[in-house]
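This briefing looks at aromatic contacts in a protein model and at the surroundings of the rings that take part.

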Amino acid sequence: MMTAPTAVLYYDDVSPPVRGVLLAIAALDIKDRIKLEYINLFGGGHLSSDFLKINPLHTVPVLRHGDLTLIDSHAILMYLCDTFAPPGHPLALPDGLTRAKVFNMLCFNNGCFFQRDAEVMRNIFSGAITDPANHLKRIEEAIDALEQFLKQSRYTAHDQLSVADFAIVATLSTVNILVPLDSARWPRVCEWFSIMRALPYFNEQNGIGLEKLRQHLSKKIKL
């Protein structure tokens with residue numbers, strides 16, 4: 001019997017999109033089926049000629065599985081569900097409605113929430129922003145939107161945990177370095193964030209990389 005090829009994830013856990021994927025891998029209990037290849041973002045590893053052949057956009061995460069190469073974390077998350085979540089698993093996408101709800105919130109993270117976070121972070125690390133306090137309004141507005149979404153269901157996409165929660169919590173925990181979460185303004189966001197942080201694999205897959213990012217940020221701005 002032919003053995004299925006091992007998937008390879010190119011990663012650096014300072015990256016929120018990477019951490020979202022690592023959370024999904026832990027939740028699916030497939031660590032033994034994913035080989036991790038570290039790409040040092042702050043060391044310029046993503047700009048090496050070898051990595052640029054894999055992903056000319058020089059971003060992580062990248063997932064390679066057989067002949068397939070995926071260069072976007074949200075596509076990776078959907079693929080992990082389709083490939084590794086057995087029927088009945090909480091992260092499985094059993095029908096079109098479930099898939100649409102999860103995909104919708106992944107798009108919110110990809111097109112809005114993470115982009116607003118990434119814009120501020122890029123400007124901090126480039127030196128264009130030395131005091132982020134006056135540059136957080138658009139991030140706060142994205143959290144306002146998340147608050148409204150979470151008033152409609154227990155988790156971000158529907159009433160059970162999904163990979164959309166992993167993508168969004170990785171972004172939220174990152175912006176929380178800069179934006180204190182006001183429980184009066186965002187009560188549902190704070191409640192959901194507490195639920196996510198209580199996951200048994202949350203700290204290992206998200207917290208460690210988040211702390212690395214915090215240390216890099218502390219060299220650029222006062223935290």
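How many aromatic pairs does the structure hold? In this predicted model, the structure holds six aromatic pairs.

**Phe42 and Phe125**
- Phe42 and Phe125 form an edge-to-face aromatic pair, with 5.1 Å from centre to centre and 65° between the planes.
- The pair links distant parts of the chain, since Phe42 lies in the loop between strand S2 (34-38) and helix H2 (49-54), while Phe125 belongs to helix H4 (residues 96-126), 83 residues apart.
- Phe42 counts as partly exposed because its relative accessibility is 40%, and Phe125, with a relative accessible area of 27%, is also partly exposed.

**Phe108 and Phe149**
- The ring centres of Phe108 and Phe149 are 5.2 Å apart and their planes stand at 80°, which is over 60 degrees, so the pair is edge-to-face.
- Here too the pair links distant parts of the chain, with Phe108 in helix H4 and Phe149 in helix H5 (residues 137-150), 41 residues apart.
- Phe108 counts as buried because its relative accessibility is 10%, whereas Phe149 is partly exposed, with a relative accessible area of 28%.

Terms used:
Residues numbered from 1 in each chain as written. Predicted model: local features only at pLDDT ≥ 70, side-chain atom pairs only at ≥ 80, totals over all residues. Heavy atoms only, no water. Phe/Tyr/Trp six-rings, centres within 6.5 Å; stacked < 30°, edge-to-face > 60°. Helix = DSSP H or I, 4+ residues; strand = E, 2+ residues; numbered from the N terminus. Buried < 20%, exposed > 50% of the residue type's maximum accessible area, 1.4 Å probe, protein only.
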